[in-house]
Amino acid sequence: LTALGTLGMLAAAYYAYKKKKLQKRGNFAGLDGEGDAELTRVAFTSRWVAAERHLEHTRDDALFSDPLAAYLGGDSGLAFSHKIKQKLPWENYHVTWMAIRTRYIDDRVTSYFAQTPNAQYVNLGSGLDARVYRLDVFAKARAAFEIDVPEVVAAFNRAITAHDSASALCPRVSPSVDLTVP
């Protein structure tokens, strides 16, 4: 998955460049305090991403299916997505970016497990990602390790536990790690 890591670094650099450019115009002013009753600041972005996966999932020509995304994103994630749309020059930029990003990762993971059955999957900064629940290829995985900060892991586990039909397709371990603490 080296190509995926490279793509992620390039995308992060491009997004940082675009964000800096938009900040100069004042488009991101006032968004630093975002969150909801469960997630704050950076951790809240996982709710936002889940909500945007839901928006793609509901399209007739969706690039992927994510039936748990609405539940994981919730009203606060959708509200934040709407707020961001109002602040970007191209209002569907982030939803489109998330859809393409999600499909790309889905395709890479599917290809990897097709070639390497019984492998382990590690997702650092997993957020509220339901890939282990929605991609059939995970039935071939030995285990999935989805790692994030404590508040995100707790939010994901609460949401999945409350959703009766959610079942991981392979053994799933979700340790919480706070990398800000030495």
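This is a predicted model: local features need pLDDT of at least 70, side-chain atom pairs count only at pLDDT 80 or more; totals for chains, interfaces and linings use all residues.
How many salt bridges does a search of the whole structure find? The search finds nine salt bridges, counting a side-chain nitrogen of Lys or Arg within 4 Å of a carboxyl oxygen of Asp or Glu.

Residues are numbered from 1 along each chain as its sequence is written, and side-chain values use heavy atoms, with hydrogens and water left out.

View 1. Helices (H or I, at least four residues) and strands (E, at least two) are DSSP runs, numbered from the N terminus. Helix α4 covers residues 93-115, and at 1.5 Å a residue its 23 residues should span 33 Å; the expected span is 1.5 Å times one less than the number of residues. The end C-alpha atoms of α4 are 33 Å apart, which agrees. Look along this helix for H94, V95, M98, A99, T102, I105, D106, V109 and F113, which are buried. Here buried means under 20% relative accessible area, exposed over 50%, and partly exposed in between (1.4 Å probe, protein chains only).

**View 2. W48 meets F80.** Five aromatic pairs turn up in a search of the whole structure. W48 and F80 form an edge-to-face pair, 4.9 Å centre to centre with 85° between the planes. W48 belongs to helix α2 (residues 41-57) and F80 to helix α3 (residues 69-87), so their pairing ties together parts that are 32 residues apart in sequence. W48 is buried at a relative accessible area of 7%, and F80 is buried at 8%. Rings of Phe, Tyr and Trp (its six-membered ring) pair if their centres lie within 6.5 Å; planes under 30 degrees apart count as stacked, over 60 as edge-to-face and the rest as tilted.

**View 3. Y133 and F156, a tilted pair.** The ring centres of Y133 and F156 are 5.9 Å apart and their planes lie at 55°, so this pair is tilted. With Y133 in helix α5 (residues 131-134) and F156 in helix α6 (residues 150-162), the pair ties together parts that are 23 residues apart in sequence. Y133 is buried at 15% relative accessible area, and F156 is buried at 2%.

**View 4. A ring cluster, and a charge over a ring.** Y112, F113, Y121 and F138 are linked into a cluster by ring pairs. R108 lies over the face of Y104, 4.9 Å from the ring centre; the criterion is NZ of Lys or CZ of Arg within 6 Å of the ring centre and within 35 degrees of the ring normal.

**View 5. Salt bridges at R131.** Side chains of opposite charge can pair when their charged atoms come close. R131 and D106 meet in a salt bridge at 2.6 Å, N to O. R131 is in helix α5 and D106 in helix α4, so the pair ties together parts that are 25 residues apart in sequence. D129 also meets R131 in a salt bridge, at 3.2 Å, N to O. R131 and D106 are both buried, and D129 is buried too.

**View 6. E146 and R172.** The side chains of E146 and R172 form a salt bridge of 2.5 Å, N to O. This pair links distant parts of the chain, with E146 in strand β2 (residues 143-147) and R172 in strand β3 (residues 172-173), 26 residues apart. E146 is buried at 1% relative accessible area, whereas R172 is partly exposed at 23%.
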